[in-house]
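Work through the exercises below with the model open beside you. Try each task before you read its solution.

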Amino acid sequence: MECRPLCIDDLELVCLHREAMFREAGRDAPTLAAMQGPFRDWLRPRLADGSYFGWVMEEGGAPLAGIGLMVIEWPPHPSHPLQDKRGYILNLYVDPSHRERGIGQALMNRAEAEFAERGIAFAVLHATEMGQPLYARMGWSPTTEMSKPIAG
């Protein structure tokens with residue numbers, strides 16, 4: 001298995017992984033279809049300028065898993081009182097045929113190492129129910145975040 005950095009040519013792969021991740025988490029098809037175009041438009045320039053980065057795991061040239069990362073501006077916070085940014089992990093996806101083989105954990109370890117190398121002291125992610133056990137085993141803790149759609 002080979003791990004390589006994401007590049008602009010991975011645009012469609014990231015979009016496919018994201019849709020599959022949300023579909024497996026129970027999101028409905030019409031919402032996912034509506035999200036695809038706007039997400040692709042959002043992702044394209046960020047892949048191009050490197051503000052969205054990460055890795056793809058491949059076997060024989062076939063992509064099996066991927067992870068996305070960002071460094072986001074965030075005001076100093078009790079969890080990171082001296083920094084005005086935090087790491088953000090998103091779109092971790094492992095093909096169902098290759099789950100339970102440590103691929104997700106390997107990608108998470110690489111993500112944590114990358115943030116440490118960039119001097120990022122704190123990172124967050126939003127976990128699906130399926131991902132929660134992996135993150136908990138790796139020392140990630142639930143937060144108090146709440147959300148609400150705002151009608152506009």
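A pocket here is an open set of grid points with protein on both sides within 12 Å along at least five of seven lines, and its lining residues have an atom within 4 Å of a point. The model is predicted.

**Exercise 1.** Find which residues lie nearest the centre of the second largest pocket.

*Solution.* 
- Start with the volume: about 730 Å³.
- Next, the lining. It has 23 residues, and L125, H126, S141, P142 and T143 lie nearest the centre.
- Then the elements. β4, β5 (123–125) and α4 each supply at least two lining residues.
- Last, sort by class: 13 nonpolar, eight polar and two charged.

**Exercise 2.** Check the span of helix α2, then locate its kink.

*Solution.* 
- α2 covers residues 29–49, which is 21 residues.
- At 1.5 Å a residue, α2 should therefore span 30 Å.
- Its end C-alpha atoms are 30 Å apart, so the two agree.
- The kink, about 30°, sits at Q36, shortly before P38.
- Q36 is also buried, as are L32, M35, F39, L43 and L47.
- Cover for the buried residues of α2 includes α1 (11–24) and β4 (85–94).
- After α2 comes G50, with a positive phi near 85°.

Terms used: Residues numbered from 1 in each chain as written. Predicted model: local features only at pLDDT ≥ 70, side-chain atom pairs only at ≥ 80, totals over all residues. Heavy atoms only, no water. Helix = DSSP H or I, 4+ residues; strand = E, 2+ residues; numbered from the N terminus. Expected span 1.5 Å × (residues − 1). Bend = angle between axes of the 7 residues up to and from the residue. Buried < 20%, exposed > 50% of the residue type's maximum accessible area, 1.4 Å probe, protein only. Contact = heavy atoms within 4.5 Å. 1 Å grid on protein atoms, 1.4 Å probe; cavity = no way out; pocket = protein on both sides within 12 Å on 5 of 7 lines; lining within 4 Å. Points joined across faces, edges and corners; volume = space filled by probe spheres on them. Nonpolar A, V, L, I, M, F, W, Y, C, P; charged D, E, K, R; others polar.
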